[in-house]
Amino acid sequence: MSSLLVDNIGELVTNGAGEGPLGIRRDAAVLVEEDRVAWVGPSAYAPAADHHIDAGGAAVLPGFVDSHAHLVFAGDRAAEFAARMAGEPYTGGGIRTTVGATRAATDEELRATVRRLRGEALRQGTTTMEIKSGYGLTVADEARSLRIAAESSTETTFLGAHVVPAEYADRPDDYVGLVCGPMLAAAAPYAKWVDVFCERGAFDVDHARAILACGQAVGLGVRIHANQLGPGPGVQLGVELGAASVDHCTYLSDADIDALASNRIDCMCHEGLHTTTVATLLPGAEFSTRSPYPDARRLLDAGVTVALATDCNPGSSYTSSMPFCVALAVREMRMTPAEAVWAATAGGARALRRDDIGVLTPGARADLVVLDAPSHLHLAYRPGVPLIRQVIRNGVPQ
């Protein structure tokens with residue numbers, strides 16, 4: 001069994017037992033055997049290993065877990081971005097532009113985009129990345145999108161209900177029937193999750209409930225785009241259906257907060273209680289659309305579990321950088337650096353209902369990020385600076 005020792009770690013974020021909410025250990029070391037963390041402890045007592053990385057006093061944290069991304073597409077929407085910066089509001093209507101380009105692309109063109117963006121994210125410390133479909137919106141194109149996504153991630157999400165495509169503009173009920181029937185049947189073998197954009201201009205609550213229930217019936221977990229463009233029923237629908245995550249959460253009522261905060265279970269972890277439905281916040285979208293940022297402070301103070309993700313997509317958040325999202329969360333959403341780092345690691349894992357990632361404790365997957373900095377604080381303190389020195393994924397230095 002091959003082993004790797006990372007030692008001389010000045011600050012180790014474990015998200016387990018240790019100092020503060022991040023479970024920090026000082027002067028620490030991590031032993032990796034094959035693809036798992038085998039031991040965590042003081043650097044002075046580190047066991048021998050086949051291979052060695054000296055962190056040189058730098059900070060080490062779990063690999064980022066990006067639980068919301070749209071990587072399977074063709075073309076870009078730079079002109080749309082420029083128009084927004086000139087004052088045009090974001091409505092979500094540009095999705096259909098990407099649908100046309102994606103349908104026209106070859107498999108290899110789509111595959112190249114996924115690999116490029118997945119590589120970008122990995123170099124910036126993201127070791128787990130969820131990938132959605134949603135830019136095909138035909139039976140064949142949604143199935144091939146998920147087949148291509150599954151080549152790069154085990155966390156794949158069927159988003160046939162992204163928008164109603166142009167050819168069904170006057171027949172939304174017929175399109176929902178297609179999504180729940182032939183499209184779901186073709187997509188499900190390549191998907192772990194089902195998602196719906198429950199929003200004005202996309203899918204109403206009745207259509208969203210029907211689609212998500214059909215996904216659940218064939219064994220898919222539930223996720224939902226909710227309350228991005230305005231107040232709406234999406235968050236409470238997600239809680240009602242036991243969704244792993246409600247994503248965006250830009251416009252929340254007191255009832256939405258109460259629904260998320262009351263949806264708790266006991267867990268065997270150092271934080272005690274956590275919510276079963278995670279609120280996943282996507283500050284890259286607000287940055288790119290000049291929309292109001294979600295009130296993370298309100299969610300956290302109510303006891304809601306919060307995750308951060310990039311929402312990487314060509315229209316409203318064309319970034320693959322979790323460090324950028326951490327910095328935005330601290331600056332614009334009133335999260336502390338520790339809260340933002342936890343949300344980008346353990347929080348993302350919770351949003352995927354995973355306990356083997358987002359933490360650096362014995363038995364966890366060996367996904368580590370070595371910073372070119374002495375502390376996790378620098379991720380927000382030095383925004384835009386390439387602070388990822390080394391990435392180890394599944395126990396293998398990248």
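1. Which order do the strands of the open sheet follow, and is the pairing parallel or antiparallel? The open sheet has 7 strands in the order S8-S9-S10-S11-S12-S15-S16, and the pairing is parallel. Two strands count as paired if DSSP finds at least two bridges between them. Strands (E, at least two residues) and helices (H or I, at least four) are DSSP runs, numbered from the N terminus.

2. A word on the basis of this note. This is a predicted model, in which local features need pLDDT of at least 70 and side-chain atom pairs count only at pLDDT 80 or more, while totals for chains, interfaces and linings use all residues. Residues are numbered from 1 along each chain as its sequence is written, and side-chain values use heavy atoms, with hydrogens and water left out.

3. The partner pair S15 (residues 278-281) and S16 runs in the parallel sense over 3 bridges. Leu281 stands opposite Leu308 in S16. In general, strands of a sheet pair through backbone hydrogen bonds.

4. Now the charged pairs. The whole structure holds 27 salt bridges. A salt bridge here is a side-chain nitrogen of Lys or Arg within 4 Å of a carboxyl oxygen of Asp or Glu. Three of these pairs follow.

5. Arg116 and Glu120 form a salt bridge, with the closest N and O atoms 3.6 Å apart. Both sit in helix H3 (residues 107-123), and because they are 4 residues apart, about one helical turn separates them. Arg116 is partly exposed, at 40% relative accessibility. Glu120 is also partly exposed, with a relative accessible area of 26%. The classes are: buried under 20% relative accessible area, exposed over 50%, partly exposed in between (1.4 Å probe, protein chains only).

6. Arg223 forms a salt bridge with Glu130; the closest N and O atoms are 3.9 Å apart. This pair links distant parts of the chain, 93 residues apart. Arg223 lies in strand S11 (residues 221-226), and Glu130 in the loop between strand S7 (126-129) and strand S8 (131-132). Both Arg223 and Glu130 are buried.

7. Asp141 and Arg144 meet through their side chains in a salt bridge, 3.1 Å from N to O. Both lie in helix H4 (residues 139-149), 3 residues apart, about one turn of the helix. Asp141 and Arg144 are buried. Through shared partners, salt bridges join Asp107, Asp141, Arg144 and Arg147 into one network.
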